[in-house]
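With the sequence and the model open side by side, follow the text below from one residue to the next.

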Amino acid sequence: MRMNAPVLSPEEIKRIHKDSIRILEEVGVKVPSEKALGILEAGGAKVDYDKQVAYITEAMVDAALKNAPKEFLLGARNREHDLWLPTTRTVLNMDGCGSNVIDFNTGEKRLGTLQDLADVGKVFDAIPQAKVLWSCIHPEDTPNSRAAGVWATATSLINTCKHVQDEVQREDELPYIIEILKAVLGGTEEDVIERKIYSATYCTVAPLCHDKEMLEGTMALTKYKAPVLLYPMPACGSTGPASLYSNVALANAESL
């Protein structure tokens, strides 16, 4: 027996989608990247290059949704932990980017380290329901702070045989991440594309803005057909409207 408990009615879903389209067409999205603006304009968006705003049409959204895959793989170093989505199973996905940890031995709060990431990976690996490990700590002890994301991804991949997810914060990180993935798989770029053991989280800058470096880094990752978790960021009454309905419509617009 399968329980069905919808939060929104079909009519409410249609209304949210309609209002999200209106937001994209009339308000537009701040895109501080000439590269991304050019792609959007070529796809049919009206672009204001002075304001760095793209006005995205309903036809563009419809085409993108039509072309999006209806299922996809989150691969794992150990194929037994491959996860096809969507799924009816309940699985655990580790959240990411924490700054501090509570030290297991001393009980004290301190900045996170690469060893913490390694420990998390091993614990995560032992949990049967755990499937997607987003590097949960920003390590503060890396040799170069600008390379912290690469170190975090590598450490997570070494210490779990399950799917690893992280952020591509800048385009210059990507070649290193791809080389790490090739080393873990013992293969080529084609193996990286086929196995999909790595995916990226991409967060908007609510309301309706993008971050140039992270946007262009994630755009570059699409060459490798990696899944991307789209993370809208509006929160009621701060980075989004006070109204819950309006906040949902804005979050949906950012996802689209």
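A36 is buried in this predicted model, because its relative accessible area is 6% and the cut-off for a buried residue is under 20%. Its place in the chain is helix α2, which covers residues 34–42. Which residues does A36 touch, if those up to four places away in sequence are not counted? They are V31, L215 and M219. M219 is 183 residues from A36 in sequence, yet the two C-alpha atoms are 8.4 Å apart in space.

Helix α2 also has a part in the largest pocket, where it supplies at least two residues of the lining. In total, 45 residues line the largest pocket. To find its centre in the model, look for A64, V228, L230, S255 and L256, which are the lining residues nearest to that point. The space in the largest pocket comes to about 1800 Å³.

How many cavities of 30 Å³ or more does the structure hold? There is 1. The volume of the largest cavity is about 60 Å³. Its lining is made of I178, L181, L185, V192, K196, I197, Y198, L221, Y224 and A226. The element that gives the most to this lining is helix α6 (residues 174–185), with 3 residues.

Next come the charged side chains. Over the whole structure, a search finds 10 salt bridges. R110 takes part in a salt bridge with D103, with an N to O distance of 2.8 Å. The side chain of R110 also meets D116 in a salt bridge, again with 2.8 Å from N to O. Are the residues of these pairs buried or partly exposed? R110 counts as partly exposed because its relative accessibility is 27%. D103 counts as buried, since its relative accessibility is 14%. D116 is buried too, with a relative accessible area of 11%.

Another salt bridge joins the side chains of R170 and D172, at 3.1 Å from N to O. Here R170 is buried, with a relative accessible area of 12%, whereas D172 counts as partly exposed at 42% relative accessibility. R170 and D172 also belong to a network of salt bridges that links them with R146 and E173.

The last stop is on the surface. V7, L8 and I13 form a nonpolar patch there, and together they have about 300 Å² of accessible area. L8 lies in the segment before α1 (10–27). Why does L8 count as partly exposed? The reason is its relative accessibility of 36%, because partly exposed residues fall between the limits of under 20% for buried and over 50% for exposed.

Note on methods:
Residues numbered from 1 in each chain as written. Predicted model: local features only at pLDDT ≥ 70, side-chain atom pairs only at ≥ 80, totals over all residues. Heavy atoms only, no water. Salt bridge = Lys/Arg side-chain N within 4 Å of Asp/Glu carboxyl O. Buried < 20%, exposed > 50% of the residue type's maximum accessible area, 1.4 Å probe, protein only. Helix = DSSP H or I, 4+ residues; strand = E, 2+ residues; numbered from the N terminus. Contact = heavy atoms within 4.5 Å. Patch = residues over 30% accessible without salt bridge, like charges linked within 9 Å, V, L, I, M, F, W, Y side chains within 5 Å. Areas by Shrake-Rupley, 256 points an atom, 1.4 Å probe, with all protein chains shown as cover. 1 Å grid on protein atoms, 1.4 Å probe; cavity = no way out; pocket = protein on both sides within 12 Å on 5 of 7 lines; lining within 4 Å. Points joined across faces, edges and corners; volume = space filled by probe spheres on them.
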